[in-house]
Amino acid sequence: MTRTVAGLRVCLMIMLMIVLVSCGGAEPNLHVLEKPKNVDMIVKMDHGDFWKTVKMGAEVAAKEYNVNLTFKAPQNESDIDEQIRLVDESIRNNADAIILSASDYMKLAQVTDRAAYYKIPVISMDSEVASARVKMFVGTNNYEAGQKAAKRLIELTGPDSRIGVMNFVKGAKNADEREEGFMDYVARFPGVQVVDIEYCESDEQIARQLTRKMMSEHPDITGIVALNEVASIGTGEEIQKLGLGEKVKIITFDSPAKVMELLQEGIVQATVVQNPFNNGYLAVRYAVQVMEGIEVDERWDTKSTLIDLDNMLQPQNQKLLFPFVK
Amino acid sequence: MNIEPKRNMPKLPRVIESFKLRSIQTIITFSFTLMTVLVVIAVSIMLYNKFTKTAEENAYLNIQQIIEQVNYHLELYVKGMQDIYEVVEQQINDTPDISSPVLREQLTTLLHTREDLVSVGLFTPEGKLVVDIPALEMRKNTMLEEQSWFESAHARPQKLSFSPPHIQNLYKGQYKWVVSLSRMIKYKDQGTIKEGILLVDVNFRTIDELSRKVSLGKRGYAYIIDDLGNIVYHPQQQLIYAGLKYDNIEATLEYAYGSYIDKPTGEPRYITIRTVEPINWKIVGVAYPDEIVTTKKDLNQFIFWFLVVVCAAVVVLAMFVSAKISQPLRRLEKSVQSVGQGDFSTPIHVSGAHEVVQLSKRFNFMLHRIRQLMDQIIHEQEAKRKSELDVLQSQINPHFLYNTLNSVVRLAEKGKKEEIVATITSLSKFFRISLSKGKNIITLEEELEHVRHYLIIQKIRFKNKFNYAIECEQEALSCMTLKLILQPIVENAIHHGIEKMSDEGFIRIAACIKEERLVIQVSDNGLGMSRQVMEQLLSGGIRSGGSGVGVKNVNERIRLYYGKAYGLRFESELEEGTTVTIMLPVEKNDDEQPDWGMS
């Protein structure tokens, strides 16, 4: 009798083992989500090559990591209230994570804290927001980018020169940081004087006007730095129009086709490009990591590159400058 | 099997009892379940392996076909570009003067018909523009001498070279991603034949879109590299350039055609490589087996639940079947048990399996047979006793014969001829009726006749010491009675009542039907008997000494034949006389009498 019981037990155990072994699935990849999650990406503006590239990168990552990506942005970069509303909307829709590129460092802070309160992780991308609840920042080191621009400009204009700065939105963290980096670098050269700092509100027309104004008020300016895409186009084209090309050295940011043309024409001497594709891609990837409970670094610097005529045709830079195949 | 009687153990609850380890139910349930589950598992494993293998093969085949398809389209596209290049070259060759407006018009038309065609340009080997279609101003700082199409046209003048996709920065207007086709050609410029580099730029968009649309599972993708390993198209080109992504491109350079599993980051990837023939580009498909072979997971889950359901079903079924089999057996066992305890009368009715029904039928038959045999034994026992009695009653009493013959001798000595005749005649009749052809049952008339002859003989012998009278209702005469029941009683009356009397005795025999009974009374006026003597008579303690068939015998015979309701009754008073009443059922003469089966 006892032996029969023992035999039965052995049989049962073998059966169980077979069942268990045959049902043990493959080890899941830690980064790929088993079930798709909703990630909302809220950026500053719904147009422009820069944001389109960000979106492209984000979509590549979304596909790779099984994420339902919602891409949202106000029509205008200065429409901060609309951006706050969009973040609120994502909180209400119970997004699993929010990626935010804050148009205003301070004003977006409250809504970011609210998202964190509802246990929605927030990843800051491209420009930061004044909230300690943000999990991580993915973007260009803007201070460093500003310094790069300053270094090249001073190389071009020499240690004794007067320089103008065309910034975009006062209060946006990346604008402030670029300016700060630029100013800090310039401060090393006592002969270099920043005579004018203007804010064009990311509007091309305003940038043109401000450039004209700047040049008329300070005709001795030999170098201008334009700190974002729109400012770059406005400034560069206005300088070209004024016939001041090559006399006034220009360092720009980002790489719209118009800026590239100005670069080839010799109006713009160099441009600092970020890597928006990588910004978008990495922001989504790190959002996935955060949702999966994996530790992430506080910051991830997607490098900025200084592009001039010498290196613009290198394959990796071509892709950086022209992310879209048209 | 548990058919043997239960051991002395406390009664378990029914359910547990029915699951004793060695019971049929348990054995069937377990073996049935075990076998089925093992078979199902074995089959499942086999099917699983087969299915996953087939699914994997199919998935891989599918991927290969997709890549093949893309490759085919690419080759077709490249071929188309080559054709265009040939056409452009032909037209330039056919034109006597390169600056002729006819050539320009022809090429412009060609450019318009082919959407993909971005621009055509002819450059001197030094890089000076000869002609460009559409006619656009050259940009400054083009650095065309450093561009790959220019360099390869110089390096391999005869071979049409395809550049990797790049930004076209030569002419003012848009910056477009193009693939440049270039070669050294000859053209005529105002009669002189010159050498130049013909550049045809084709929009990269078609290739880009074609590659972008390739979807290998959810995460899989395809990329294209040129023969040196430079990326032509990659969905994550920027990440690779930035060093954030590693795609193990070097490994693919070893293959021109084939498939393999690659694990650059640990996760297995299924790589498929095809070469785009004329330009030696490689199209590489990357798929994730874990993902494409989704069947594996589904199948896993399906098999798991299948097993669970099958096991449950089999257990239930096995329990049901085993119960179906063992329950009748159990019932049979209970019935047999009750038989064992001595109850032969209730037949067993067990329904169920054929065998069990048969078994119960056979058992019933056996029971029936046992009952029959037991009846027969009782029967035979009774018959045996009866036969003994019959033997007794048919005995001829030698003492009676001796006495009678003695008295005949005495009569003869005295010369009483008539009396001798009467005695001998009565004796002979007496014996005739005694024998009565071996029958046990005779009519009352015969019985009375018999006793009358006896009385005649005795009367002569006792020298008319007594008188007698026989009375009988006419109706009662034909009633059937056991033979030799009256003679012992009369004998008794003579011996105990009359013989010792000083006066003349009188014996009266009367028969009548009273209350559905045949009542025969034998009364004498003799000495009478004490109660004690009467009891001794009935218990056989006293033999009447005459015929040898005692009163007790008479009583027993009547009871045996007719039942306990019938028999003898004594009424006696000392000095007054005795009356013996015989009670019998009224049975009319219908000739036949029961045959007891004695030989």
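Helices (H or I, at least four residues) and strands (E, at least two) are DSSP runs, numbered from the N terminus.

A word on what is loaded: this is a predicted model, in which local features need pLDDT of at least 70 and side-chain atom pairs count only at pLDDT 80 or more, while totals for chains, interfaces and linings use all residues. Residues are numbered from 1 along each chain as its sequence is written, chains are lettered from A and ligands numbered from 1 in the order in which they are written, and side-chain values use heavy atoms, with hydrogens and water left out.

α2(B) brings Ile84(B), Val87(B), Val88(B), Gln91(B) and Ile92(B), and α3(B) answers with Leu103(B), Gln106(B), Leu107(B) and Leu110(B); contact means heavy atoms within 4.5 Å. By class, seven of these residues are nonpolar, two are polar and none is charged. In this scheme Ala, Val, Leu, Ile, Met, Phe, Trp, Tyr, Cys and Pro are nonpolar, Asp, Glu, Lys and Arg are charged, and the others, Gly among them, are polar.

Next, go to the loop between β2 (129-133) and α4 (148-155) of chain B, where you will find Pro134(B).

Switch to chain A and select α3 (residues 80-92) and α4 (residues 109-117), which pack at an angle of about 5° with their axes 10 Å apart. α3(A) and α4(A) are therefore roughly parallel to each other. Ile84(A), Val87(A), Asp88(A) and Ile91(A) of α3(A) meet Val111(A), Arg114(A) and Ala115(A) of α4(A). This contact has five nonpolar, no polar and two charged residues.

Still in chain A, pick α5 (residues 142-157), where Glu155(A) and Lys151(A) lie four residues apart, about one turn of the helix. Glu155(A) and Lys151(A) form a salt bridge, their closest N and O atoms being 3.7 Å apart. The term covers a side-chain nitrogen of Lys or Arg within 4 Å of a carboxyl oxygen of Asp or Glu, and the count over all chains is 35.

Finally, show both chains together. The contact takes 44 residues from chain B and 44 residues from chain A. Together the chains bury about 4,300 Å², 62% of it on carbon and sulfur atoms; buried area is the accessible area (1.4 Å probe) that two parts lose on being put together, summed over both. Select Tyr175(B), Trp177(B) and Gln238(B), which supply 18% of the area that chain B buries against chain A, more than any other three residues.

Four salt bridges link chain B and chain A. To see one, select Lys140(B) and Glu265(A), whose closest N and O atoms are 4.0 Å apart.

Note on methods: Axes fitted to C-alpha atoms, helices over the stretch in contact; angles between N-to-C directions. Parallel < 35°, antiparallel > 145°, perpendicular 65-115°, else oblique.
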